[in-house]
Amino acid sequence: MASTSLSWNSSSWLNNRCLTKNMNSETTKLMNGTSVLTVVAQKKAKKVRKIILKDDVAELGKKGQLIDVKAGFLRNFLLPMGMAQIVTPELLKEMKMEEERIEAEKKRVKEEAQQLALIFETVGAFKVKRKGGKGKQIFGSVTAQDLVDIIKAQLQRDVDKRIVSLPEIRETGEYVAELKLHPDVTARVRLTVFAN
């Protein structure tokens, strides 16, 4: 039988296991005097991607929202289902242009509502005729539809009766109605009710 001998210097396995560690330096010295560079692992990088959602995703966000998601979730779920798009500089530029266009449109609508409110308020009082009863009483009441019809006849403007808010009118006199033309713009219109 042949015997195998294992020498201390010839075994790389033993050389790697018998290192003398110097904690203050970045190199480790082997017993035979050669040194090896020690690699210190750093903190694992988070793999997060910026995306834009193409559809509403429960517990994640709404369509068109810019969010950060983990790369695996994006790769394994959102992209195959067609629910997201990876953010690119061109896409960000398009989103910014779209937001500016929407803001300009909102501003235009608000200015238009303010002009319409100015027209309604400078007209003076709209006159409503009703059949009279005893004293100041009138038959029936003045409704939002009546005001909408008068505005259409006098100013040739279509107004939705759902935006008209007026008090209960069952007597002759002067009243103030409010037209909510925009969430930020309300026109106050005077209304004169008289009996014929």
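## The helical region 92-119

Over residues 92-119 the chain is 100% helix and 0% strand, with the end C-alpha atoms 41 Å apart. Helices (H or I, at least four residues) and strands (E, at least two) are DSSP runs, numbered from the N terminus. An unreviewed UniProt entry annotates residues 92-119 as "coiled-coil region"; such annotations may be inferred rather than shown by experiment.

This is a predicted model, in which local features need pLDDT of at least 70 and side-chain atom pairs count only at pLDDT 80 or more, while totals for chains, interfaces and linings use all residues. Residues are numbered from 1 along each chain as its sequence is written, and side-chain values use heavy atoms, with hydrogens and water left out.

## Region 61-88

The unreviewed UniProt entry lists residues 61-88 as "domain: Ribosomal protein L9". Over residues 61-88 the chain is 39% helix and 29% strand, and the end C-alpha atoms lie 19 Å apart.

## Salt bridges

The structure holds ten salt bridges, each defined as a side-chain nitrogen of Lys or Arg within 4 Å of a carboxyl oxygen of Asp or Glu. One of them joins Arg-108 and Glu-105, at 2.6 Å from N to O. Because these two residues are three apart in helix α3 (residues 89-122), about one helical turn separates Arg-108 and Glu-105. Glu-105, Arg-108 and Glu-112 are linked in a network of salt bridges.

Lys-110 forms a salt bridge with Asp-184, with the closest N and O atoms 3.6 Å apart. This pair links distant parts of the chain, 74 residues apart: Lys-110 is in helix α3 and Asp-184 in the loop between β10 (173-182) and β11 (185-195). Lys-110 is partly exposed at 30% relative accessible area, whereas Asp-184 is exposed at 55%. Buried means under 20% relative accessible area, exposed over 50%, and partly exposed in between (1.4 Å probe, protein chains only).

Asp-146 and Arg-130 also meet in a salt bridge, at 2.4 Å from N to O. Here Asp-146 in helix α4 is linked to Arg-130 in strand β6 (residues 125-130), 16 residues away.

## Residues with positive phi

Most residues other than glycine have a negative phi. Glu-59, although not a glycine, has a positive phi of about 60°. Glu-59 sits in the loop between β3 and β4 (66-70) and is exposed, at 86% relative accessibility.

Gln-156, also not a glycine, has a positive phi of about 55°. Its place is in the loop between α4 (144-155) and β8 (164-165), and Gln-156 is exposed, with a relative accessible area of 60%.
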